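Please brief me on this structure. Start with the charged pairs, then move on to strands, rings and surface.

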Amino acid sequence: MEHYLKSLRPVQLRLIASIGRLGKLRLAADACNMTVPAASRMLTEIEGKLGLSLFERDTKGMKPTALGRVLGHHALKVVHDIDQLAHDFIAHQAGTAGLVRIGAVTGAALAAVIPAILQLKRHAPLLKVSLDVSSSSRLMWGLERGEYDFAICRLERGVNAGAFEISPARNEAVLLMVHGGHELRHRDHLLLAEVADYPWTMQEHGAPIRHAIELAFRREGADMPQNLIETASVVAIMALMRDSDVIAAVTQEVADLLLKPPFSADLVLLKTCNPIAIEPYHVLRPRDRSLSSGAEQMLALVKQLLDEPSVNKSGKSDIV
C-alpha cells in the first residue's frame with residue numbers, strides 16, 4: 001500500500017481532492033476535465049488498489065471516510081503545490097515573476113527606471129524589483145561583479161567597454177536650486193562668481209555633477225566655492241535648503257521631482273548666464289550574462305522611456 005500511495009499520479013490526487021471538496025462525483029469530474037465514467041473508473045481503481053473505501057456514497061453525494069479525509073487533506077496540498085509550480089513556471093517564463101536587479105544614477109532612476117517599474121508591476125505584481133540608486137563608480141563596480149542585470153550610469157575610465165552592450169541614454173544639465181525666500185531668487189543672468197561666496201552643497205570630488213560645476217567655474221574664470229557641504233542625498237539636500245541659504249547643485253529630474261506636484265516644494269532655480277552640462281549616462285548590459293524574461297521586459301521599457309524626450313519647465317527638450 002505504501003508503495004502505491006507514493007506512486008499516485010497528480011490526476012488521481014486531483015480527483016480525490018476534488019471529490020472531498022465538492023462532495024459529488026459529477027462536479028469533481030468537471031473540475032478535473034474528465035467524464036463521469038472516467039472519474040468513476042479511476043476512483044474504483046484507487047480504492048481497489050488500497051483495498052478500502054475512501055468515500056461513503058448516499059443520495060446526497062459522497063462524504064470522505066476517516067482515511068479518505070487523510071488522503072484528501074494531503075492530496076489537496078499536493079495539488080495546490082503543483083498548481084503553484086505551473087503558475088510560477090509560466091510567470092517566470094512570461095516575465096511576470098522573478099527578480100530584476102537594476103542600478104541607476106539618480107537622474108535615470110527618476111526619468112525612466114521608476115516609471116518603468118510602476119508600469120511593469122501593473123501587469124506583473126509578483127515581479128520583484130531591486131533598485132540601487134548610487135554613483136556611477138559604485139554602479140560600475142557592482143555591474144562588473146554581477147550585482148545588477150543592467151545599469152544606467154556613466155562609463156568609468158579604465159573599464160573594458162567591450163564587455164558591455166552600451167546604449168546611449170540622456171544628457172543631463174546641472175541646475176542651481178535654493179529655498180523660495182533666497183535673496184538671489186529674482187536675479188537674472190547670474191555669473192558663477194556672484195554665487196561663489198554662498199554656502200553650497202554638491203557631490204564629492206570626482207562625481208559627474210561636481211566635475212561639471214568645476215569646469216563651469218573654470219570656463220567663467222571664477223574660483224570654486226569654499227563653503228561646501230558634500231552629499232549626494234536628496235533628503236539631505238532638501239533639509240539643507242530648508243534651514244539655510246545653501247545653493248544646491250541638482251539635475252533636471254531632481255528639480256522636477258521637488259518642484260512639481262504633488263510635492264511642489266517652496267524652492268526655486270537660479271537663472272544663470274551659462275548652462276552647465278554633465279557627461280551623458282548610458283544603459284549598460286553585460287555581454288556575457290543572459291537576462292530573465294522579466295529583466296528583458298524591464299530593460300526594453302527603460303530604453304523606451306529614455307528615448308522619449310523629457311521637457312523641462314521652459315518647454316524645451318532636455319535631449320540633445
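A search of the whole structure finds 14 salt bridges. A salt bridge here is a side-chain nitrogen of Lys or Arg within 4 Å of a carboxyl oxygen of Asp or Glu. Side chains of opposite charge can pair when their charged atoms come close. This is a predicted model, in which local features need pLDDT of at least 70, side-chain atom pairs count only at pLDDT 80 or more, and totals for chains, interfaces and linings use all residues. Residues are numbered from 1 along each chain as its sequence is written, and side-chain values use heavy atoms, with hydrogens and water left out.

- Helices (H or I, at least four residues) and strands (E, at least two) are DSSP runs, numbered from the N terminus.
- Buried means under 20% relative accessible area, exposed means over 50%, and partly exposed lies in between (1.4 Å probe, protein chains only).

**Salt bridges**

- R101 and D149 meet through their side chains in a salt bridge, at 3.3 Å from N to O. This pair links distant parts of the chain. R101 sits in strand β3, while D149 sits in the loop between α7 (136–144) and β5, 48 residues apart.
- R101 counts as partly exposed, because its relative accessibility is 25%. D149 counts as buried, because its value is 11%.
- R154 forms a salt bridge with E172, and their closest N and O atoms are 2.3 Å apart. This pair also links distant parts of the chain. R154 is in the loop between β5 and β6, and E172 is in strand β6, 18 residues apart. Both R154 and E172 are buried.
- E214 and R210 meet in a salt bridge at 3.2 Å, N to O. Both lie in helix α9, four residues apart, which is about one turn of the helix.
- E214 is buried, with a relative accessible area of 14%. R210 counts as buried at 9% relative accessibility.
- R210, E214 and E230 are linked in a network of salt bridges.

**Strands and their partners**

- Two strands pair if DSSP finds at least two bridges between them.
- Strand β3 (residues 97–104) is mostly covered, with six of its eight residues buried.
- β3 pairs with strand β4 (residues 126–133) in the parallel sense, over eight bridges. In this pairing, G98 stands opposite L127 in β4.
- β3 also runs parallel to β5, joined by three bridges. G103 has A151 in β5 as its bridge partner.
- β3, helix α6 (residues 106–123) and β4 make a right-handed β-α-β unit. A crossover is right-handed if, with the strands pointing away from the viewer, the path from the first strand over the helix to the second runs clockwise.
- Strand β5 (residues 150–153) and strand β11 (residues 276–286) run antiparallel, joined by three bridges. I152 stands opposite V283 in β11.
- Strand β6 (residues 164–179) pairs with β11 in the antiparallel sense, over nine bridges. E172 has I278 in β11 as its bridge partner. E172 is also the residue that bridges to R154.

**Aromatic pair**

- How many aromatic pairs does the structure hold? It holds one.
- The rings of W200 and F217 have centres 5.7 Å apart and planes at 65°, so the pair is edge-to-face. Rings of Phe, Tyr and Trp (its six-membered ring) pair if their centres lie within 6.5 Å; planes under 30 degrees apart count as stacked, over 60 as edge-to-face and the rest as tilted.
- W200 lies in strand β7 (residues 200–202) and F217 in helix α9 (residues 208–219), so the pair ties together parts 17 residues apart in sequence.
- W200 counts as buried at 1% relative accessibility. F217 counts as buried at 1% too.

**Surface**

- I114, L118, L131 and V133 make a nonpolar surface patch of about 300 Å². α6 and β4 are the elements that give two or more residues to the patch.
- Patches are made of residues with over 30% relative accessible area and no salt bridge: like charges are joined within 9 Å, nonpolar side chains (Val, Leu, Ile, Met, Phe, Trp, Tyr) within 5 Å. Accessible areas come from the Shrake-Rupley method with a 1.4 Å probe; for residues, only the protein chains shown count as cover.
- L118 lies in helix α6. L118 is exposed, with a relative accessible area of 53%.
- Q93 lies in helix α5 (residues 66–94). Q93 counts as exposed at 59% relative accessibility.
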